[in-house]
Amino acid sequence: MKQDKDHDNATAEESLLETTEPVRVVDARPARPQTIGVLTSGGDAPGMNAAIRAVTRTALNHGLRVLGVRRGYHGLWRGDILELNSRSVSEKLQRGGTFLMTARSATYNTPEGVRKAYEMCLIFGIDALVVIGGDGSFRGARDISRLGIPVVGIPATIDNDISSTDYTIGYDTAMNTAMSAIDKLRDTATSHERCSVIELMGRRAGYLALNVGMATGAEVILIPEIEVDFAQDVIKRLLDCRNAGKHHYIVVVAEGAGSAVEIAERIETVTGIEARPTILGHIQRGGSPTMRDREMASRMGVFAVDVLLRGERNKLISYQKGGLVAIDLEEGLEMKKTISLEEYRDAKVIAL
Ligand code: F6P
């Protein structure tokens, strides 16, 4: 008997996956979800585990069922899904990375992939999805929401480049990791009277580099948002610093603004100051989350479930002016965020 039932289920699932038409009416999802799925997507960020924990326990405490989707959207369309209980998220709060794992899914980035993921939600009975990740992950959330799966996005990326929020989970930890690394590089740059050129992550954004540059007293900060004249803003600037009595120099470059290797070569060739490049790379993505990231991730996780329990759909959790708000997903994706020119100028002034 059991075998027949399983067989029937398998057949139903196959037919769902093979059909070319929508398999269920979009508005069939209940206003208050009974089963939520949670996934992490895109680049990992310290604090993602804390967010999963908060989502899971808040939902369980409200009587919801929680399904953890492994490997982001890639796992969603493949049905890589397991039930989470309160113990599943024990001992995760202080850990870096994401225990649900993450991926950048080429298949999901196609209409067929989104459709398969949508159908997997129906098969597993997922009434709403909590997506923890960056901008790309939110666009993925928008795509599946348009097929009728309610979503809530929690911002998590070390880049802090999500326009709809002032803060993203993982940013503080990454900044502190980069700051400690640069403090160490400063020790050796001081001993050798060198210029240390450090390339930080940030994709097309310079938030990480700007804040870390200020916190480490960098003489030069290069970020994609601000165009510079290399001769004046890098070479002349370093020579001014030398002529003012400095013997070592820190140049922080966001990966979107140039290559540390090339910049160090140019500096050494033109000024004669020995320069050494360091690419901090993925070390910035790891490590135990700081207090700030644990706290923000926990608050955002609780808030995301509260939003769903209120019957709201397709929202992005946003940190604004010290508090959390839920903003419309589609509107959030259209927002623009600008870097602080004032901070850039101030960092320059106090470095000399
Ligand atoms: O978005 C986070 C980030 O670490 C960026 O700063 C960086 O450009 C990118 O991810 C690297 O991605 P991957 O780990 O896939 O190489």
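Student: What should I know about the model itself before we go on?

Tutor: This is a predicted model, in which local features need pLDDT of at least 70 and side-chain atom pairs count only at pLDDT 80 or more, while totals for chains, interfaces and linings use all residues. Residues are numbered from 1 along each chain as its sequence is written, and side-chain values use heavy atoms, with hydrogens and water left out.

Student: OK, so which sheet has β10 and β11 in it?

Tutor: They belong to an open sheet of seven strands, with the order β3-β2-β1-β4-β5-β10-β11 and mixed pairing. Its edge strands are β3 (81-84) and β11 (323-328), each of which pairs on one side only. From one strand to the next, the twist averages 30°, where axes are lines fitted to C-alpha atoms, for helices over the stretch in contact, and angles run from 0 to 180 degrees between N-to-C directions.

Student: Which helix packs on that sheet, and what does it touch?

Tutor: Helix α10 (residues 291-309) packs on the sheet, touching β1 (35-40), β4 (128-133), β5 (151-155), β10 and β11, and its direction makes about 140° with that of β10. Here contact means heavy atoms within 4.5 Å.

Student: What's in the loop between α10 and β10?

Tutor: N314 lies in that loop, and it has a positive phi of about 55° although it is not a glycine. N314 is partly exposed, with a relative accessible area of 22%. On this scale buried means under 20% relative accessible area, exposed means over 50%, and partly exposed is in between, using a 1.4 Å probe and protein chains only.

Student: And what is the phi of M101 like?

Tutor: M101 has a positive phi of about 65°, and M101 is not a glycine. M101 sits in the loop between β3 and α4 (111-124), where M101 is partly exposed with a relative accessible area of 30%.

Student: Switching topic: what is the strand order in the four-strand sheet?

Tutor: Those four strands form an open sheet in the order β7-β8-β6-β9, and the pairing is parallel. At the edges stand β7 (220-222) and β9 (275-279), each with a single partner strand, so one side of each is left without a neighbour in the sheet. The twist averages 15° from one strand to the next.

Student: What packs on this one?

Tutor: Helix α8 (residues 230-243) does, touching β6, β7 and β8 (249-254), and its direction makes about 165° with that of β7.

Student: How many bridges join the strands in there?

Tutor: Strand β6 (residues 195-200) pairs with β9 in the parallel sense over five bridges, and C195 has A275 in β9 as its bridge partner. Six bridges join β6 to β8, where I198 stands opposite V252. Between β7 and β8 there are three bridges, and the partner of V220 in β8 is V251.

Student: Is β8 mostly covered or mostly open?

Tutor: β8 is mostly covered, since six of its six residues are buried. Y249, V251 and V253 point one way from the strand, whereas I250, V252 and A254 point the other way, and all are buried.

Student: What about helix α7, which residues are buried there?

Tutor: In α7 (residues 207-215) the buried residues are Y207, L208, A209, L210, V212 and G213. Their cover includes α6 (171-192), β6, β7, β8 and α12 (341-350). Just after α7, G217 takes a positive phi of about 70°.

Student: Last one, where is H74 and what is it in contact with?

Tutor: H74 is found in helix α3 (residues 72-78), and, leaving aside neighbours within four places in sequence, H74 is in contact with A103 and S105. H74 and R104 are 30 residues apart in sequence, yet 7.3 Å apart in space, C-alpha to C-alpha. H74 is partly exposed, with a relative accessible area of 24%.

Methods
Pairing = 2+ DSSP bridges. Helix = DSSP H or I, 4+ residues; strand = E, 2+ residues; numbered from the N terminus.
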